[in-house]
Amino acid sequence: MTSPMALLAHQTTLGRHLRTGDPGVPMLVVGTSRDLEAGLDAGHRTQLAELIASPDFVFTQFVRQSWCVGRTKALARLTLSVLSEEAGRNLVDHWVARGGGAAFDPMSEAEGLFEFAAARLEDPSHALTICRMEQAALRASAAALTFAAPDLTLDDEALTFVCRGKGAGLVRFFAPPERLLACVSAGEPLPALTEESLPILFTPGLAELCRPATEEETAFWESLQAPASAAALMQEGYPRRLISSMLDIGAIDLSSRTLAATVC
Amino acid sequence: MPPVPAASSVTTEGLGSLPPLGVGFPYIGELPPELYRPGLVDFVEVTPETLCRTRRDGEHRSLIVVPDRFDRARTVVDVLPIVVHGIELSIGSAIGCNEHYLDMLDQFQRLWPFCWHSEHLSYQTMPGDDGVSVDIGIPLPLPGTDEAVRLVGDRAAAIGRRYGVPFLLENPAHFLRTLPYEPDISDEIGLMAAITERGSCRQLLDLHNLYCNAINHRFDPFAAVDRIDLDRVGEIHVAGGCWQSGYLNDTHDGRVPSAVWELLDYTLPRCTHVGGVVFELLNYYASKMAPEEIVEELAKARRIWDRSHLPTREAGT
């Protein structure tokens, strides 16, 4: 085992077999390149093949799986609490099967997990609302750690591009939020869905991280599907005051197109 | 800010000296602050990642200290000295260790100086399909090869220089009995010895991990202790675990089994440079253990520490 590639090949082989969770996969087939394969001598390959086929490896897979499941459950605690036991288990199992739950800090997987969950939930539903709320709250609280409102006067609207804030989200509630969350917290049946929804804005610049969005803010947020220039937005009827206030609370960010224009 | 205690006059040359602190306990935010009082514990083991949030920006990952969590930990720990016990470094990864952990630790040390720093002798990342590092999902033990010794030893030496305090590597528990070992390394004890020698660092001897491996791999833990270079041991962990599918798992989820206390009684008096004994408990299980039970485990550790005639510093001095 003297090749300089041996350790990398060893770790990649064991790691990929652990992640696939299938002890029946031939040893060096799971995405292992020829370069890696060449890093292992025959003796080492034989040892690894025996290791992967052993009950010790199967138990290691079991422990890994339980860690991944535990991390996922801890991350999406509220969302899972409003799903049936079977639906929650299916969601977690599918997420873990595609490689989720592996990060030591589960927060680093939050965006991916909540997008994965949201795509599998009925729209509209309280479960989707809770999922989006959990996602938006994590996003806003993480962004709040380093948030500073941009120093910008919007003097040159044509060169100023904005986009939805990385740390922001708008979540529609189909029941009064306090009532819905009280039911979730108490484990009580959830209220019926209302016809109208209440949009709640989550942003890193708000002291409480969220508050009901005004009609103007909601319309602006929903129209901002892609980066747009402040000038174009003002031509559409959104006032400078609104754009400035949304920037101040982190609901929208300066787009990289603004920064590129500044550099040019 | 409490002072970092002075180092012991007894040192093993080149390894950095450890102040003899006494009995320690991990900082767990969910537990009653009353557990962190001088007299009950002499020092606190802080895992800085638990006071941080991870931020991902494409492939770039960073750990950001969360002010509220950090301030609360400082308030709870108060005058007690701290040591750092990391979980995110992945020092044995051939693809590269997690530099974002070290970047965070640079900042953490400026904010809250620590007496020593430890990590696990393992790897938890590998190349993904695109060659970028991905998490495996569980820390894995290293094979016993010269390449592993060079890689980890050199990284350990660099970390020791970077922080200017002793660096310790913890022996891992694992279930893989047939890991390859080169003849001159022979087994996990030989691997730890070779790495700590090359890296001029110390060992964090986790006796529960050693006990689990002894049970699962069928060797005598006392004979294993006899083969460890105990002069290099800077800290000892004791913990509890549970049986699953015929394996003893190092879950660190409760009381310490009597066999591990016996191992501590056997080992501690022979460790000439040990700085402390820590009763390990994972955050996840903390709420499942009554504070009174934790106090009892800490008291057992103290009795053995005192029997070993090791001096205990007074907190805050």
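Me: Why is the pair A:D56 and B:R177 called a salt bridge?
Reply: In this predicted model, the side chains of A:D56 and B:R177 meet with N and O 2.7 Å apart. The term asks for a side-chain nitrogen of Lys or Arg within 4 Å of a carboxyl oxygen of Asp or Glu, so the pair qualifies. Between chain A and chain B the count is 1 salt bridge.

Me: Which helices of chain A supply at least two residues each to the side that touches chain B?
Reply: They are α1 (6-20), α3 (42-52), α4 (55-75) and α8 (126-144) of chain A. Helices here are DSSP runs (H or I, at least four residues), and strands are runs of E (at least two), numbered from the N terminus.

Me: What do the numbers and letters rest on, and which parts of the model count?
Reply: Residues are numbered from 1 along each chain as its sequence is written, and chains are lettered from A, with ligands numbered from 1, in the order in which they are written. As the model is predicted, local features need pLDDT of at least 70 and side-chain atom pairs pLDDT 80 or more, while totals for chains, interfaces and linings use all residues; side-chain values use heavy atoms, without hydrogens and water.

Me: How many residues of each chain take part in the contact?
Reply: Chain A gives 42 residues and chain B gives 45 residues. Contact means heavy atoms within 4.5 Å.

Me: How much area is buried between chain A and chain B?
Reply: About 3800 Å², and carbon and sulfur atoms give 62% of that. Buried area is the accessible area (1.4 Å probe) that two parts lose on being put together, summed over both.

Me: What makes B:R232 buried but B:D229 partly exposed?
Reply: Buried means under 20% relative accessible area, exposed over 50%, and partly exposed in between (1.4 Å probe, protein chains only). B:R232 has 11%, so it counts as buried. B:D229 has 40%, so it is partly exposed. The side chains of these two residues meet in a salt bridge at 3.6 Å, N to O.

Me: How do you know that B:R162 and B:D103 link distant parts of the chain?
Reply: B:R162 is in helix α3 (residues 146-163) of chain B and B:D103 in helix α2 (residues 99-111), and they are 59 residues apart. Their side chains meet in a salt bridge (3.6 Å, N to O). At 35%, B:R162 is partly exposed, and so is B:D103, at 46%.

Me: What joins B:R255 to B:E293?
Reply: A salt bridge does, with the closest N and O atoms 3.6 Å apart. B:R255 lies in the loop between β13 (247-249) and α7 (258-267) of chain B, and B:E293 in helix α9 (residues 291-307). Salt bridges that share partners also bring B:E296, B:E297 and B:K300 into one network with B:R255 and B:E293.

Me: Why is β1 of chain B said to pair with β14(B)?
Reply: Two strands pair if DSSP finds at least two bridges between them, and here there are 3, so strand β1 (residues 22-26) and β14(B) pair, in the parallel sense. B:V23 stands opposite B:V277. Strand β11 (residues 233-238) of chain B also runs parallel to β14(B), joined by 4 bridges, and B:I236 has B:V277 as its bridge partner.
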